[in-house]
Amino acid sequence: MNETLKTIAERHTCRSFTGTPISRDELEAILLAGAQAPTAANSQRFRIIVSDNKEFIDELEAKLLSIFLETNPGMMDRINERGGKVLYNASAVVFIAIDNQGPWSAELDAGIVVENMALAAQSLDVGNCIFAMFRSLFEGADSDEMKKRLQFPEGFTFAVGLLLGYPTDFGRPHEPATDKIIWL
C-alpha cells in the first residue's frame with residue numbers, strides 16, 4: 001500500500017488532544033494542503049482562518065458549551081459522555097469560510113479543503129476532527145461579531161471547521177463501508 005492510501009486508511013476522528021502546541025512548520029504544511037485543494041472552475045471561493053491562541057480557543061470552548069447548554073441538552077449529554085469538552089483540548093482550530101455566490105457549490109469545495117487538511121494532519125501524526133459544531137457560533141445574535149473577529153470577508157459564511165492537535169492516543173479508524181460501493 002502506498003503512503004497516500006495508508007494515510008487515508010489510518011485517518012480517524014480524534015476527540016482527545018494533549019494540548020501541546022503544534023509546531024509552526026506542521027501547522028503551515030496542513031494549511032497549505034488546504035489551500036492546494038481543487039475547486040470548481042478554480043473559483044477558490046474559500047478562506048482558511050486558523051488560531052492556535054489558547055485563550056481564544058478556551059473562549060470558543062466556553063461559548064459553545066454555553067450555547068449547547070441553553071439550546072441543545074441532548075448535545076450536552078453527548079459532550080459530557082465524552083469528557084465534558086467540546087473542542088477536546090485541541091491546540092489549533094480552523095474555520096473554513098465560503099462565498100456561496102456563484103454557479104457551483106462552494107460547500108463542496110470546502111469539503112475538499114477540509115479533507116486535504118485532515119489527511120495532511122494525519123500524515124504528520126497530528127490528530128484532527130472535522131468539526132461542524134462551530135456552526136452554532138454563526139446562528140445566533142452574535143453571528144456578525146464572530147464573523148468580524150474571525151476576519152470573514154464580506155458575504156462569506158461558515159462552511160466547516162477542523163480541530164487539530166497531538167492526540168492522546170491514535171485511536172482507530174472506522175471500518176470502511178464497502179457495502180456503500182455500487183458497481184455497475
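Buried means under 20% relative accessible area, exposed means over 50%, and partly exposed lies in between (1.4 Å probe, protein chains only). The model is predicted, so local features need pLDDT of at least 70 and side-chain atom pairs count only at pLDDT 80 or more, while totals for chains, interfaces and linings use all residues. Residues are numbered from 1 along each chain as its sequence is written, and side-chain values use heavy atoms, leaving out hydrogens and water.

**Stop 1: helix H3.** Select residues 54–71, which form H3. Helices (H or I, at least four residues) and strands (E, at least two) are DSSP runs, numbered from the N terminus. Colour the buried residues of H3: Phe56, Ile57, Leu60, Glu61, Leu64 and Phe68. They cover an arc of only 145 degrees around the axis, so they sit on the same side of H3. That arc is taken from the directions from the helix axis to the C-beta atoms. Now turn to the other side of H3, where Glu55, Leu69 and Glu70 are exposed.

**Stop 2: the cap.** Select Asn53, which caps the N-terminal end of H3. One of its side-chain oxygens lies 3.0 Å from the backbone nitrogen of Glu55.

**Stop 3: Ser16.** Pick Ser16, in the loop between H1 and helix H2 (24–35). Which residue is 151 places away in sequence but 5.9 Å away in space, C-alpha to C-alpha? Pro167 is.

**Stop 4: Thr7.** Select Thr7 in helix H1 (residues 3–10). Thr7 counts as buried because its relative accessibility is 14%. Beyond its neighbours within four places in sequence, Thr7 is in contact (heavy atoms within 4.5 Å) with Leu119, Gln122 and Ser123.

Terms used:
Expected span 1.5 Å × (residues − 1). Polar contact = N/O pair within 3.5 Å; in protein donor to acceptor, adjacent residues only side chain to side chain.
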